[in-house]
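Dear colleague,

Please find below the structure that I am handing over to you. My notes on what was found in it follow directly after.

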Amino acid sequence: MSNYHIKHLEEYYQVYRKSVREPENFWEEIAEEHFMWRKKWDKVLSWDFSKPEVKWFEGAKLNITENCIDRHLRTKGDKTAILFEPNNPEEKAQHITYKQLHERVCKMANVLKDQGIKKGDRVCIYLPMIPELAISLLACARIGAIHSVVFAGFSSTALATRINDCDCKMVLTSDGSFRGEKTIDLKGIVDEALGNTQCVETVLVVKRINSGINMKKGRDKWMQPLLDKASKDCEPEIMNAEDPLFILYTSGSTGQPKGMVHTTAGYMVFTAYTFKNVFQYNNDDVYWCTADIGWVTGHSYIVYGPLANGATTVMFEGVPTYPDWGRFWEVVQKHKINQFYTAPTAIRALAKQSLDFVEKYDLSSLKVLGTVGEPINDEAWKWYNDNIGKKKSPIVDTWWQTETGGIMITPIPFVTPTKPTYATLPFIGVQPAIMDENGNEIKGNQVDGRLCIKFPWPGIARTIWGNHERYRDTYFSAYKGMYFSGDGALRDEVGYYRITGRVDDVIIVSGHNLGTAPIEDAINEHPAVAESAIVGFPHDIKGNALYGYVILKETGESRDQNNLRKEINQIIAEHIGPIAKLDKIQFTQGLPKTRSGKIMRRILRKIAQKDTGDLGDTSTLLNPEVVQSIMDNAL
Ligand code: 6R9
């Protein structure tokens with residue numbers, strides 16, 4: 001029997017050791033006992049990080065949708081697979097059972113086929129968080145088409161770049177989307193993007209907001225009439241283990257986004273196994289991840305991981321602020337959510353609001369809380385733990401990346417004792433290494449450096465679409481024989497990992513290596529501070545000095561700014577040392593954020609360095625308007 005579901009710490013250590021000593025045997029047992037194969041593999045793993053090349057379960061044949069849907073039909077056909085909570089709380093939630101999901105995926109798969117989509121074709125999906133979004137990923141996977149989801153908040157330029165990069169033949173979109181009180185004209189954005197592309201033949205449009213949009217003759221078709229005519233049976237395309245399942249773009253240090261390619265079998269096994277353990281999912285649980293399916297978190301932990309386990313997964317169309325700041329907690333109460341997975345940026349925003357929004361609701365169904373996306377600061381961790389988890393729901397701080405496909409460093413709830421701001425221990429099968437700047441591994445505990453992974457795991461991205469060289473250069477050339485994550489990390493006295501932020505966020509001040517995250521944590525402890533971001537700027541004596549952008553809470557806005565500056569530096573001096581004091585502190589109303597909530601430090605750095613001639617592309621920001629106001633008030 002394989003250890004599919006880890007239940008105590010002893011077992012974690014035992015299984016972890018096995019996964020490192022005999023990875024092939026370990027993953028083979030997991031794959032064999034918990035998934036449906038049309039043909040088993042000839043070889044579990046072959047790899048060579050110098051090429052780089054990684055293949056898992058070579059020779060195996062399968063279809064991931066059979067694993068995510070068909071095999072549950074007999075035992076869980078009437079169980080809710082997808083629970084859709086609309087933007088408007090007055091609109092009825094939809095419970096889509098596994099049987100209904102099967103029918104809807106098959107119908108859409110048949111529509112795609114009728115429209116000429118074949119195995120290996122790329123389909124761009126630009127849809128809001130409605131059931132058709134999840135269904136369209138699965139419909140592509142059903143017929144072996146490669147989906148490329150573009151977050152439906154990206155601009156037409158960003159969309160066009162992504163459509164062109166992988167030559168999409170088709171775009172799936174909607175007549176618009178709801179976002180709080182607003183509606184967004186998605187189809188208009190698609191039309192604009194397609195003005196700059198040659199490859200798209202067909203656009204299928206889902207009706208969501210009933211706006212009167214333009215339909216281009218010969219190219220655009222409404223989805224519903226085609227679905228109505230489609231058969232509800234669709235034999236799955238039998239795929240090879242290493243056939244691409246999807247492409248998902250992630251931003252790099254240069255302008256051109258990187259189309260990370262994930263393949264079928266390894267990705268399936270890794271997302272399913274991590275989901276089961278990291279959320280300790282039990283059969284009747286209702287699981288909610290608040291991410292958008294436009295990000296890897298949504299791919300792996302709204303769609304594939306949960307469905308492969310026959311789970312009930314919530315899809316939320318709305319925003320945390322609508323109709324008011326209590327919406328998340330209202331939804332938790334309404335659907336009796338058991339596992340709740342969100343991002344630190346959301347937690348910080350929610351923590352700024354009155355506790356009345358939380359206390360109005362019954363959150364007693366919650367068992368496990370999760371975070372992902374960036375380091376979670378101590379204050380936010382504690383707020384989440386005290387007020388949402390009521391100190392009884394463990395917080396899983398999950399470190400991973402678009403490139404890793406699934407969760408890599410994380411506590412296992414009720415198994416691994418948690419520690420605020422620490423992602424704690426490597427997940428089963430994951431072999432992290434901390435490296436110094438000269439390329440040597442730093443062994444032992446109480447060390448810090450750059451985070452690499454020594455050995456392949458099944459979920460690793462196999463290449464960058466159309467640019468294998470860039471894949472090698474970005475991830476496999478800095479440290480020989482290792483995958484380099486781009487993040488810094490420390491390992492504490494018991495071997496727990498803490499992610500200290502992107503390595504390019506490390507600032508060397510007077511020869512001291514300072515990570516931005518711990519300084520920001522310290523600043524955020526000041527009672528008047530809501531959020532902060534630190535960057536470096538050139539300094540005659542120190543090499544670099546620190547520039548802080550600070551958002552104040554309402555209570556802090558009337559305070560004397562020079563006193564606040566002194567107090568903030570006092571806290572930094574206490575927490576980190578006088579070396580980390582800020583030379584300049586600019587108070588601001590907002591920080592430039594990416595759509596997934598990460599601070600765009602690149603822009604802040606340029607402003608601090610007074611180098612604002614070319615700020616690069618700011619069109620993908622959530623709040624491009626704050627950039628000008630930060631520039632106007634720069635110190
Ligand atoms: C899943 C996802 C990846 C980058 C990653 C790191 C940061 C993600 C984190 C975290 C600290 C965590 N990151 N989770 N940092 N603690 N728990 O977010 O993928 O959008 O590709 O971002 O996010 O810097 O390298 P992606």
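A crossing is called left-handed if the near helix is turned anticlockwise from the far one by less than a right angle, and right-handed if clockwise. The model is a predicted one, in which local features need pLDDT of at least 70 and side-chain atom pairs count only at pLDDT 80 or more, while totals for chains, interfaces and linings use all residues. Residues are numbered from 1 along each chain as its sequence is written, and side-chain values use heavy atoms, with hydrogens and water left out.

Helix packing

Helices (H or I, at least four residues) and strands (E, at least two) are DSSP runs, numbered from the N terminus. Axes are lines fitted to C-alpha atoms, for helices over the stretch in contact, with angles from 0 to 180 degrees between N-to-C directions. Helix α17 (residues 516-524) packs against helix α18 (residues 561-575) at about 125 degrees, the axes being 8 Å apart. Helix α17 is therefore oblique to α18, given that angles under 35 degrees count as roughly parallel, over 145 as roughly antiparallel, 65 to 115 as roughly perpendicular and the rest as oblique. The crossing of these two helices, α17 and α18, is right-handed.

For helix α19 (residues 601-608) and helix α20 (residues 625-632), the axes come within 10 Å and cross at roughly 20 degrees. This makes α19 roughly parallel to α20. Here, too, α19 passes α20 in a right-handed crossing.

Ligand site

The ligand is surrounded by 16 residues (a heavy atom within 4 Å), of which the closest are D397, T398, T402, D487 and R502. By class, this shell holds 6 nonpolar (Ala, Val, Leu, Ile, Met, Phe, Trp, Tyr, Cys and Pro), 5 polar (the others, Gly among them) and 5 charged residues (Asp, Glu, Lys and Arg).

Among the N or O pairs within 3.5 Å, a polar backbone atom of T398 is 2.8 Å from a nitrogen atom of the ligand. An oxygen atom of the ligand lies 2.9 Å from a polar side-chain atom of Q401, and a ligand oxygen is 2.6 Å from an N or O atom in the side chain of T402.

Backbone details

Most peptide bonds are trans. The bond joining K51 and P52 is cis, with omega about -15 degrees, and P52 lies in the loop between β1 (43-48) and β2 (53-58). The bond from Y322 to P323 is also cis, with omega near -5 degrees.

Yours sincerely

Technical notes:
Polar contact = N/O pair within 3.5 Å; in protein donor to acceptor, adjacent residues only side chain to side chain.
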